[in-house]
Amino acid sequence: MDTFLKDKIISYLEEQSTISKAKLVDCITSDFPELKESTINVYLSRLKKEGIINNPSRGIYALKGKKTYHPTIDNKLKRLHNKIKKEYPFAEFCVWDTKWLNEFMRHQPFKFYTILELDKDVTESVFHALKEQGKQVYIEPDAEIFNLYISNSEDVIILKHLISEAPLQEIDKITVPTLEKLLVDMTIDAKVYAAQQGEINSIYLNVFEKYEVNKNKMKRYAYRRNRENEVGNLTNLTLAKIE
């Protein structure tokens, strides 16, 4: 590949972090009018194979340098995860902490909750097991329960039913949600994410600017939750601001 063309393509992405394919092609043809779109596609494909650029979602390009989201998992989460794994070895579940979201927020909440999402079949059993240990634990709490018992409490564990085919990842042998899952859930679950609702647009923007986000993974999960249009509109609005 022509080194000058390669450097120019990298420069376009450095300026905008992510860019639509249409806009990227326009930039290239503006500087290299002799190139056909088919030739440009070959160059882009080669840069992907070389690991210089990536294609986080259809029609969007970015430099490979964006980070993958790996939240910090504290000992409390690890203990909870390992306990559930030991007692319910065949159940699918994930754990996380709402304080992870502070990284993307301007106004920092001071109340955090441990979230345990798991198969519906074992939810009641896990609830009673945690209650017997003296834990403050609630199953799918509604707005009234949140206001009365959770919002002013410390060390609360919220049990939620895990959506089938939800995007999960494993970090240090602990199963946690992916960033794509957190964004979709944040858009839908206004009770659990009450503190984030007023900043959801800026949270999306901060996430997409800092980390690699798989738009197609978000779309599939949003479809599973019957909110594809809402999540898609917010995602597209965010990408338009970045571009």
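Which residues in α7 meet I200, I203, Y204, V207 and F208 in α8? Select L179, L183, V184, M186 and T187: these are the α7 residues that touch that set in α8, contact being heavy atoms within 4.5 Å.

The model is predicted, so local features need pLDDT of at least 70 and side-chain atom pairs count only at pLDDT 80 or more, while totals for chains, interfaces and linings use all residues. Residues are numbered from 1 along each chain as its sequence is written, and side-chain values use heavy atoms, with hydrogens and water left out.

Now show helix α7 (residues 179-188) with helix α8 (residues 200-210); their axes come within 11 Å and cross at roughly 170°. The two helices are therefore roughly antiparallel (angles over 145 degrees on a scale from 0 to 180 between N-to-C directions). Axes are lines fitted to C-alpha atoms, for helices over the stretch in contact. Helices are DSSP runs of H or I with at least four residues, strands runs of E with at least two, numbered from the N terminus.

Next, select the open sheet of four strands, ordered β4-β5-β7-β6 with mixed pairing. Two strands pair if DSSP finds at least two bridges between them. Neighbouring strands here are turned by 20° against each other on average, direction ignored.

Zoom in on β4 and β5 (residues 113-118), which run antiparallel and are joined by five bridges. F93 stands opposite L118 in β5.

Conventions: Angles under 35 degrees count as roughly parallel, over 145 as roughly antiparallel, 65 to 115 as roughly perpendicular and the rest as oblique.
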